[in-house]
Amino acid sequence: MIGAWSPPVGAVQGTPQVACFREGRLSGAQAFATVGLFRTPLWHPASDRHFHLELMTCENASRTNGYGHFPEVLEYVAGQLMASGQAILRGEVARFPPHCPAEP
């Protein structure tokens with residue numbers, strides 16, 4: 001792990017951190033993952049079960065500066081899951097709000 005971001009101010013109690021990983025099994029990739037989401041059991045309606053999840057995404061590590069939007073996306077999705085109490089499982093689609101209009 002090369003670093004982690006704390007939840008934003010005002011986040012729901014128990015909101016997980018997002019961490020960045022490099023030099024793993026996928027050569028040339030950097031991964032971002034939630035750390036601590038598993039503490040909140042999330043219910044899935046199709047199975048009527050609770051799950052303890054972490055979220056992960058990967059990208060090519062050729063970025064020369066910054067981390068892009070992946071940490072913010074994971075933070076947003078984790079926050080939505082915690083707010084709803086509902087799990088998202090492999091193969092399901094996460095819904096995002098429409099893009100905000102660009103400023104003039």
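Reply: Val 73 has a relative accessible area of 35%. Buried means under 20%, exposed over 50% and partly exposed in between, with a 1.4 Å probe and protein chains only, so Val 73 is partly exposed. This is a predicted model in which local features need pLDDT of at least 70, side-chain atom pairs count only at pLDDT 80 or more, and totals for chains, interfaces and linings use all residues. Residues are numbered from 1 along each chain as its sequence is written, and side-chain values use heavy atoms, without hydrogens and water.

Me: Where is Val 73 placed?

Reply: Helices are DSSP runs of H or I with at least four residues, strands are runs of E with at least two, and both are numbered from the N terminus. Residues 70-84 form the helix that holds Val 73, namely H1.

Me: Which kind of pair do the rings of Trp 5 and Tyr 67 make?

Reply: Rings of Phe, Tyr and Trp (its six-membered ring) pair if their centres lie within 6.5 Å; planes under 30 degrees apart are stacked, over 60 edge-to-face and the rest tilted. By this rule there are five aromatic pairs. For Trp 5 and Tyr 67 the centres are 4.9 Å apart and the planes at 85°, so the pair is edge-to-face.

Me: How many residues apart in sequence are the parts that this pair of Trp 5 and Tyr 67 ties together?

Reply: Trp 5 lies in strand S1 (residues 3-5). Tyr 67 is in the loop between strand S6 (56-60) and H1, so the parts tied together are apart in sequence by 62 residues.

Me: Is Phe 32 buried or exposed?

Reply: Phe 32 lies in strand S3 (residues 29-35). Its relative accessibility is 0%, so Phe 32 counts as buried.
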